[in-house]
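Have the model open as you go through them.

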Amino acid sequence: MTSRRPTLQGWLAAAWLLVVLLLAGHNAWHWLVQRASPDTDILALLPSARNDVVLQRAFTHMVDSAQQKVVVLVGDRDWERARQGADAYLASLAPHAAWLAPMAGDTTQMQAQWLDVFGGSRALLLTDAQRAQLASATPQQWSQQALAGLYGSFGGPKLGSWQDDPFGLFSGWVQERARETPVRPRDGRLFVERDGVSYVLLLLELKSPAFSMQTQRQVVPLLAQARQDALGHAGQVLTGGVVLHAAAASEQASSESAAIGAGSLAGILLLMWLSFRSLKPILYIASSIAVGCLGALSVSTLLFGQIHLLTLVFGASLIGIAQDYGIYFLCARLAAPATLDSPRLLRRLLPSLLLMLLAAAAGYLGMAATPFPGLQQMAVFSVLGLVFAWITVACWFPQLVRADTLRTTGMARRFGAGIAHWPDLLGGHAWHLVLPAAVAVLGLAITGLTRLQVSDDLRALQKSPPALLEDQIRISSLLDMAAPVQFYLVRGESAEAVLQKEEALAARLQPLVQEHLISGTQAVSNWVPSQRRQQDNLALLRQALLQAGTAPASAVALTARAIDESPQWAQALGQRMLDQTRALTPEAFLASAAGASSRHLWLGQIGADHASIVALRGLHDYRQLDRFAALARDIPGVQWVDKVGEISSVLRYYRQYMGWALLGAYVAIFALLSLRYRRRAWRALAPPLVASLLTLGLFGWLGQPLQLFHVLAALLVLGLGVDYGIFLLESPAHGRPHAWLTVGLSATSALLSFGLLALSGSPPLHAFGLTMLCGMLLVWLLAPVFTHPGAHHAAADKDPA
């Protein structure tokens, strides 16, 4: 008995099995041994300003300062109950300090440390109102103000002894600084009050990255439990933090990924069973899908280091696409005679299989042309999955599927025979009815296209749970917080130049504060005036308070006389004020307790330049952003940064860019198909083209605004929809029922996958899925109309019609 020698096809199948085992091992090591987790940082999906290091550093500073913090407000109309609720909240978190810890200690000690850095510089720190008063008020008026501070009850709060600040200048400057935030100390706590409700402020710091799924799984339950404990004492608890929004997005994406994957797989299994009534075809197709996913995961991990969670959600759509190659081979095996073995059948199918892969890859790779790392990753992941699934079909199916392996079912036969009743748009006995209907539908589509609106606003692509958004909005309002995505970037050749530009910008912004467009600014120069400003302040103070000028005596001398003190005492008081003239620098301020909340605003030296950030408090009317941009245009070195507007502009640019790329893809695929089908190539392209136009027209009638993700979906409608034309053009007249069965199985699977994606809570995925759902359904319905057997010769003839 002689043994059969392995064929080339057998060697290829064995080699591919080895590759698959290596892929499985790599995935097991990466996900189970290394315990890797997907990236959930939404910013990782967006383009970065790589060409501007300073701008990228500024944005990173603003984001990093916010993402590791959790802000909690425990409120009640009774202060004591609010304080007890805050104590209960902290007590609940105390055992878990390795994950989450308070950022602030006792406020009494903090206040003393806060004032230390300014002690030697009091005479150099003046508000704009004080500078105007020093320039205009008389020595008598200043003396009366000093006496009011000494004897009266209307001199305002005092910081230190009267001799340290006899005219209340430093106290007034501190009060103005304090108005930058509504937060005040009380009973060793920080609090804010609004509408009769006292809120205790708790600032918490994450000890691990906010976008780590492990951090989210640990921290979010802790915060929920602490909230319940606090509500046992206080009336309300408001919680805000990036980690909460990231966790909500992760949970949504994880559940959607599971639902999309499970739903698609269940639909495919049911379709295969109804079509073949056998487990073998199901297992064959499932194996190609599984290998596609394993290969995409492994290679993408090696290329990108970490895979984003939304990539996995998007990659779930592979289940509705990668199965096309297996379905095509199985249906072709049903149609082929028993005398034609599977390896020879594969060689016959290879041209059309390769066309299908190239057309789908062209659709996906159009996404890789965008500057969005997330879209690039999704495109590469998807193309890799398709390639690995395609190779699996080419290597394994000829060895696994024999002529006697498959049998068709009555349902499959009836469905395949249904194509004979499909109308022929370009001929046939019903063309005079079909053609007018087609013209009417196209007319409605064109009218819808004229009504189509466009929206590239990044805010429309973000969706957090309403409860989280409500808490975040209330916290921002109560604390008068600055937005981390709109700010001014200030650059200069030195720290002094940066501070002077900040002061010039603050003067420009003052009218907008008076109009209540913003409530104020956050800037290092608010706390550390430029050296030029500090010296001007000292000169004003000397002239107005310490020198007699044209008046009979200086303000200090008049004050000493009023309280029966000697001229020597007055001289000593003046000298004490002059001793408080140590120059204050940004470095000293930022190293102190007072500078902790401003460190994210100072970028320091970057290369040859210095840079800082001026943030805006209370900015809510985003319709006025052009006014803020205009203020910076004629101040050299000052740049208005609107990250939301910038990304929205990028979205608009690449929506337009991808629109041209879509047209280019049609041209490229037409050229590719023309090599095989010649003048019949347009018949394979017409279904996705008409389907895309009809879908966009429908969106125009429904008021659905066009955005980048609709255009990206149209690329995939092309890449996938052209497959159906290939199926039908490749089939001879007697094989069209099996080709129609292939189209039906493929289209139904794709509709299941993308139909579920259209139900996603993520606006980008919803827009993408809805476009695919409508587009693929229309392609399915239109494919036989343009590839009717009466419109062309049989594929086997290879003679163009």
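**Exercise 1.** Work out how the span of helix 17 compares with the expected one, then find which of its residues are buried.

*Solution.* Start with the length: helix 17 (residues 466–479) has 14 residues and reaches 20 Å from first to last C-alpha, close to the 20 Å expected at 1.5 Å a residue. The expected span is 1.5 Å times one less than the number of residues, and helices are DSSP runs (H or I, at least four residues) numbered from the N terminus.

A note on the source: this is a predicted model, where local features need pLDDT of at least 70, side-chain atom pairs count only at pLDDT 80 or more, and totals for chains, interfaces and linings use all residues. Residues are numbered from 1 along each chain as its sequence is written, and side-chain values use heavy atoms, leaving out hydrogens and water.

Next, list the buried residues (under 20% relative accessible area, 1.4 Å probe, protein chains only): Leu468, Asp471, Ile475, Leu478 and Leu479. Seen down the axis, they fall within an arc of 100 degrees, so they line one face of helix 17; the arc is taken over directions from the helix axis to the C-beta atoms.

Finally, check the other side, where Pro466 and Ile473 are exposed (over 50%).

Methods:
Helix = DSSP H or I, 4+ residues; strand = E, 2+ residues; numbered from the N terminus.
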